[in-house]
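Reader: Please show me the sequence and the structure, and then take my questions in turn.

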Amino acid sequence: MTRGKDNIVRILFLGGAKRVAMARLFSKALEEKGYGCEIYGYELDTRCPLASVGTVFKGLRWRDPKIFDDLTSICGRRNIDIVLPFVDPAVSIASELVFKYCPEVFSPVSEADAADKMFDKVAAADLFEQLGLPVPTTYRGEAFTSNLIAKPRFGSASKGIIKIDCAADLEALDDTDAYLIQERIDNRREYTVDCYVSRQGRILAVSPRVREEVSGGEVVRTTTIDSPEAVSLVRKVLKATELRGAVTVQLIHDLDSDRLLVMEINPRLGGGCVASVYAGADIPALIVEEALGLNTAERLPRAGVVTTRYLADVVFYSEN
């Protein structure tokens with residue numbers, strides 16, 4: 001990564017319209033290391049909360065064929081040092097941008113092929129099984145058993161999930177290939193684990209938490225927990241998948257059979273990662289350190305840190 005002579009690190013958020021708290025954490029991490037910070041955003045609508053702490057560019061849609069030309073131009077004009085994806089489609093964009101078009105820019109992501117597998121739930125479940133990781137049993141057309149769940153193959157934020165209680169429910173699916181169909185675990189506890197893995201494969205942060213309140217697919221109340229079993233399984237997951245950068249692992253604890261299973265992996269910063277940062281797993285600091293070429297050390301979180309979110313207003317006037 002190259003920086004300007006002004007000792008300011010410039011960070012571009014992709015799809016991070018609401019990540020004001022995260023922007024402030026990156027500013028804090030850089031300030032503690034003697035650097036200034038400038039935050040930029042890339043959004044379809046520039047009138048978003050992130051504009052209260054940075055400059056937001058009007059962007060293109062992720063599938064627009066001109067998006068790499070646009071992002072490359074922004075990175076060059078604004079001397080962008082770090083690119084951070086905050087939504088699933090932006091992960092492969094960030095990866096291709098830094099590995100192919102702008103190698104002087106740092107992004108805490110895996111290469112696009114590895115990341116894309118995680119966004120295809122069927123391909124991801126198959127991969128987890130091949131790697132010997134514990135996952136809910138996948139339905140593959142054998143004799144029907146009740147208590148199944150169908151998740152859209154390329155869905156996110158728990159949208160479009162269908163409970164299947166009988167053969168008629170299964171037959172009602174328009175296209176079974178469009179879903180990952182697995183055993184449904186009703187008596188369960190879910191864990192989200194925020195992680196960071198260096199480019200060299202060092203696991204530098206593993207912080208489990210529980211989501212206690214969710215609104216619109218985003219966590220608004222979460223608490224870090226002490227779970228050696230979750231940490232051990234996630235370390236195994238990270239080593240097996242060889243993912244890099246910021247990684248969010250979703251686990252499910254089957255309380256009836258006492259099984260801890262892997263549900264899915266999002267190879268990016270999670271929306272509730274702020275809780276882990278305040279618990280001690282300072283992933284923004286790790287990203288900054290790796291981008292700057294500084295020494296990094298594992299961050300160990302503590303349990304019992306509760307983070308809640310509240311609404312705040314950002315006002316835009318026509319003359320702006």
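**Strands, helices and cysteines**

Author: Strand 1 (residues 8-14) and strand 2 (residues 36-43) run parallel and are joined by seven bridges. Helices (H or I, at least four residues) and strands (E, at least two) are DSSP runs, numbered from the N terminus. Two strands pair if DSSP finds at least two bridges between them. This is a predicted model, in which local features need pLDDT of at least 70 and side-chain atom pairs count only at pLDDT 80 or more, while totals for chains, interfaces and linings use all residues. Residues are numbered from 1 along each chain as its sequence is written, and side-chain values use heavy atoms, with hydrogens and water left out.

Reader: Which residue in strand 2 stands opposite Arg10?

Author: Strand 1 and strand 2 are parallel. Along this pair, Ile8 faces Gly36 and Ile11 faces Ile39. The residue opposite Arg10 is Glu38.

Reader: What is the strand order in the open sheet of four strands?

Author: Strand 2 is joined to strand 3 (residues 55-58) by four bridges, in parallel, with Tyr40 partnered by Thr55. Strand 1 also pairs in the parallel sense with strand 4, over four bridges, and Leu12 stands opposite Val83 there. The pairing in this sheet is parallel, and the order is 3-2-1-4.

Reader: Why is strand 1 largely enclosed?

Author: Buried means under 20% relative accessible area, exposed over 50%, and partly exposed in between (1.4 Å probe, protein chains only). Strand 1 is largely enclosed by the rest of the structure because six of its seven residues are buried.

Reader: What do the buried residues of helix 1 pack against?

Author: Helix 1 has 13 residues and reaches 19 Å from its first C-alpha to its last, close to the 18 Å expected at 1.5 Å a residue; the expected span is 1.5 Å times one less than the number of residues. Its buried residues are Val20, Met22, Ala23, Leu25, Phe26, Ala29 and Leu30. Contact means heavy atoms within 4.5 Å. Those residues pack against strand 1, strand 2, strand 4, helix 8 (273-279) and helix 9 (283-292).

Reader: At about what angle does helix 3 run to strand 4?

Author: Helix 3 (residues 88-101) lies across strand 1 and strand 4. Its angle to strand 4 is about 160°.

Reader: How far is the sulfur of Cys75 from the closest cysteine sulfur?

Author: A disulfide is a pair of cysteine sulfur atoms within 2.5 Å, and the count comes to zero disulfides. Cys75 is buried, with a relative accessible area of 4%, and Cys102 is buried at 2%. The closest sulfur to that of Cys75 is in Cys102, too far for a bond, at 4.6 Å.

Notes:
Axes are lines fitted to C-alpha atoms, for helices over the stretch in contact, and angles run from 0 to 180 degrees between N-to-C directions.
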